[in-house]
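Welcome! Here is a short briefing to read alongside the sequence and the 3D view. Take your time with each group of points.

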Amino acid sequence: MKTVKIGGTNWTSSNVALGIMRMGTLAVADCARAIEAAHAAGINFFDSADIYGNDPVLGRGSSEIHFGQALKQTGLSRDDFYFQSKAGLYANADNKITRYDSSRDHLLKAVDGILQRTGVEYLDSLVIHRPDALMDPAEVAVAFDKLQASGKVRHFGVSNFNPAQVALLQSALSQRLLVDQVQFGLKHTGMIDYDFHTNMTDDGSINHDGGLLDYCRLHQMTIQTWSPFQYGTFAGTFINNDRFPKLNDQLAQLATKYQVSKNAIALAWILRHPARMQVLIGTMNPTHIADSAAGSDITLTRQEWYDLYLAAGNELP
Ligand SMILES: NC(=O)c1ccc[n+]([C@@H]2O[C@H](COP(=O)([O-])OP(=O)(O)OC[C@H]3O[C@@H](n4cnc5c(N)ncnc54)[C@H](OP(=O)(O)O)[C@@H]3O)[C@@H](O)[C@H]2O)c1
């Protein structure tokens, strides 16, 4: 398992992390098996969010409750893993997001909730889940200072922020934002497509995120890639999906060459990018976890990387 220095600091973590979004309705014993499989594969970073899981009995945040219970079953000690969670979304009982909330009080309360649900003593990092039009950077700064001074949170980051939003928030903070968490994978390549189409007028030339990839590289922020195996937003996985025959043929060829799974190749494709991203996988299946993690050690050739990009349905001008 290769590592990444988060945000260019000395904080070194596995470059594959396990997201716990799908633990909310899973039996605790299965959550424990997922954690153990991740640990055995060299994954030492878990990503969460306060809103993950909405179990009918446990309610909102059930992923973190299950994660905390499962952690105890595994016997892992706090030094064995890094734990990151996100806050700033508010969902109602019908599972609808009704507001973003990065107010001071919301963030402080959210962190207390995360620590209480998981039983984890502190967060290695807290990430603002989504940009909030009503966000006041000075107010976030007060919350971050309090959270760091109390020892509840060590580092901070953002998710789904564009460069201008990062810069605005960063201008008020005493801590450096270390990560931006965005969707990226073989079927979600907007972050690089427009690079190939500079000064053209086709769809590929549309810059959807304000140059986030280059911005993060320039400012040494680690891009954490969510839903690496999904097409669309939560539409399903492209792996072994008949809708994507060319991509699956290409993945299968490389899987045979490197003696690994298609998941590993899809993951290696993300990690081949010199931005040194960290991939957040969300499978809860121990075999899929081990299969995917194996991609950390594969280095695709330049041509293989481009072959996969093209097989995913993209064009090069
Ligand atoms: N910041 C944000 O806004 C945001 C948004 C979404 C997610 N996230 C983070 O990203 C993490 C990962 O998201 P994700 O779960 O959508 O990622 P993912 O790893 O792309 O998708 C996991 C899903 O794909 C399935 N899958 C994977 N490999 C498969 C295979 N070979 N065959 C069949 N099914 C396969 C899994 O099923 P099995 O369990 O059966 O393998 C699971 O349903 C989350 O846990 C969360 O931490 C962040």
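**A first look**

Thr222 is buried, with a relative accessible area of 4%; buried means under 20% relative accessible area, exposed means over 50%, and partly exposed is in between (1.4 Å probe, protein chains only). Please keep in mind that this is a predicted model, where local features need pLDDT of at least 70, side-chain atom pairs count only at pLDDT 80 or more, and totals for chains, interfaces and linings use all residues. Residues are numbered from 1 along each chain as its sequence is written, and side-chain values use heavy atoms, with hydrogens and water left out.

**Thr222 and its strand**

- Thr222 belongs to strand β13, residues 222–226; strands (E, at least two residues) and helices (H or I, at least four) are DSSP runs, numbered from the N terminus.
- The side chain of Thr222 comes to 2.7 Å from the backbone nitrogen of Gly7. This is a polar contact, a pair of N or O atoms within 3.5 Å; within protein, one must be able to donate a hydrogen and the other to accept it, and residues adjacent in sequence count only if both atoms are side-chain atoms.

**Around the ligand**

- The ligand is surrounded by 27 residues, and the closest are Arg22, Asp47, Ser227, Thr283 and His288; a residue is near a molecule if one of its heavy atoms lies within 4 Å of it.
- This shell divides into eleven nonpolar, 13 polar and three charged residues. Here Ala, Val, Leu, Ile, Met, Phe, Trp, Tyr, Cys and Pro count as nonpolar, Asp, Glu, Lys and Arg as charged, and the others, Gly among them, as polar.
- An N or O atom in the side chain of Asp47 is 2.6 Å from an oxygen atom of the ligand.
- For Asn160, a polar side-chain atom lies 3.0 Å from an oxygen atom of the ligand.
- Pro228 takes part through its backbone, with an N or O atom 3.2 Å from an oxygen atom of the ligand.
- On its own the ligand has 910 Å² of accessible area, and the protein covers 85% of that; such areas come from the Shrake-Rupley method with a 1.4 Å probe, and for residues only the protein chains shown count as cover.

- Asn314 sits in the segment after α11 (302–311) and counts as buried at 17% relative accessibility.
- The side chain of Asn314 joins that of Thr189 in a polar contact of 3.4 Å, and a polar atom of the Asn314 side chain lies 2.9 Å from the backbone oxygen of Tyr309.
- Trp11 is in the loop between β1 (3–5) and β2 (12–14), and at 9% relative accessibility Trp11 counts as buried.
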